[in-house]
Amino acid sequence: MEEIMRKTIKELFGVDLAAQITVNDVPEVPERVPGIDAGQIFIKEMVAMASIWYLYDQRSGLYLYGPTGSGKSSFSRQFMARLNRSVYEFHSTPQSEPAEFKGGFHLKGGNTVWVDGPLTAAARAGAVLLVDELDTLNPGCAMVLKSVLDGGSIALPELGEYVVPKKGFRVVATGNTAGNGDAWGRYASVRRQNIALMDCFAKIEVGYMPEGLETGLLGKMFPKLPATIIKGFVDLANDVRKLFIGAEDAPPSIDVTLSTRDMVRTMGYFAILMKRQKSLPENVMDALAISLPFGENAALKVAITGILQRRGFT
Ligand SMILES: Nc1ncnc2c1ncn2[C@@H]1O[C@H](COP(=O)(O)OP(=O)(O)OP(=O)(O)O)[C@@H](O)[C@H]1O
Ligand SMILES: [Mg+2]
């Protein structure tokens, strides 16, 4: 991997940090560099922590965990995109077998050919492996990943080969839980992960965006919507999130949240619905009704109606 271009973190991510970081001059596998999303908002603290990991901890993987739709996967891709790094993605499910992760024989034009899985492909190229939904990983894949993060090579007995990860190989993973399982039973398929695997990761907790940044993101995406409307939706979302996440002395009272992903979608519906001759509260509720599972979650609808009334939206 050629490494010659150094840029400040500020230039790359637009956050106020003076440190410099190396940008990959020639990507390992150019078609694997994620496309740059100019709309990505980088949060200073996340960039700082991820940069420390990237620059000073070549050994550990990086695990981003937090509630759904908070920006873990998009940050992983966009952080690496800005560094011009190639990313191989593995979308874990409880059914994913080591053969899918490491590689296996596939039928191609009547012949059986070996195809590297994302772990092996990233290791051979010295690229980045992104394991999305790591906390669903089954024990077989988890142990393969652990031994690689521990400095081991990837055993491919089918080929009689051991793949030693090339310099530059890094592992980033995302998940909704910290690896301890899901205390409230809201994330289907998640399982408690082996603590020895979790030990191999630096960890960043990714909460929902601070209010000002989320308002800015939505304002940029929907420039025709009045700022007061956007602020009203963000306030609503933050109230809903408090009920979803709960507090130390108060368990969560609803099991669906209003994530940043939901907000982007809901504002899109609202922008269309507001062209109708209906009142503001009706348009707000209709946009939320398309976005959220009101039909099967009465508690959510009651909570949202209450918040809207309290905030003078209705
Ligand atoms: N920092 C951000 N900048 C711009 N858009 C964002 C940001 N964070 C979240 N979003 C928006 O929210 C959507 C969901 O984000 P993302 O897929 O990264 O969430 P996630 O935390 O990985 O969720 P899940 O736990 O469900 O996998 C993105 O597609 C994007 O529209
Ligand atoms: Mg994700």
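N84 lies in the loop between helix α3 and strand β4 (87-91). Helices (H or I, at least four residues) and strands (E, at least two) are DSSP runs, numbered from the N terminus. A word on the ground rules before going further. Residues are numbered from 1 along each chain as its sequence is written, while chains are lettered from A and ligands numbered from 1 in the order in which they are written. The model is predicted, so to speak of local features needs pLDDT of at least 70 and side-chain atom pairs count only at pLDDT 80 or more, whereas totals for chains, interfaces and linings use all residues, and side-chain values use heavy atoms, with hydrogens and water left out.

**Backbone angles**

N84 is not a glycine, yet its phi is positive, about 60°. Most residues other than glycine have a negative phi. E133, also a residue other than glycine, has a positive phi near 60°. E133 belongs to the loop between β7 and α6. With a relative accessible area of 31%, E133 is partly exposed; that class runs between buried (under 20%) and exposed (over 50%), using a 1.4 Å probe and the protein chains only.

**Around ligand 1**

A polar side-chain atom of T68 is 2.7 Å from an oxygen atom of ligand 1. For G71, a polar backbone atom lies 2.9 Å from a ligand oxygen. E133 uses a polar side-chain atom, 3.3 Å from an oxygen atom of ligand 1. Taken alone, ligand 1 exposes 630 Å², and the protein buries 83% of that; these areas come from the Shrake-Rupley method with a 1.4 Å probe.

**Buried residues**

| Residue | Relative accessible area | Location |
|---|---|---|
| T136 | 7% | loop between β7 (128-132) and α6 (139-149) |
| M198 | 6% | helix α7 |
| C200 | 11% | loop between α7 (195-198) and β11 (201-205) |
| N297 | 12% | loop between α11 (280-291) and α12 (298-310) |
| G268 | 18% | helix α10 |

What does T136 touch? Not counting residues up to four places away in sequence, T136 meets S92, T93, P94, S189, V190, R191 and Q193, where contact means heavy atoms within 4.5 Å.

M198 also reaches Q193, and its other partners, with neighbours within four places in sequence set aside, are Y63, L134, A178, G179 and K203. Its C-alpha atom is separated by 9.3 Å from that of N180, 18 residues apart along the chain.

C200 is in contact with S60, G61, K146, L149 and D150, leaving aside neighbours within four places in sequence.

N297 contacts D255 and V256 when neighbours within four places in sequence are left aside.

How far apart are the C-alpha atoms of G268 and P165? They are separated by 43 Å, and the two residues are 103 residues apart along the chain. G268 itself counts as buried because its relative accessible area is 18%.

Methods
A polar contact is a pair of N or O atoms within 3.5 Å; within protein, one must be able to donate a hydrogen and the other to accept it, and residues adjacent in sequence count only if both atoms are side-chain atoms.
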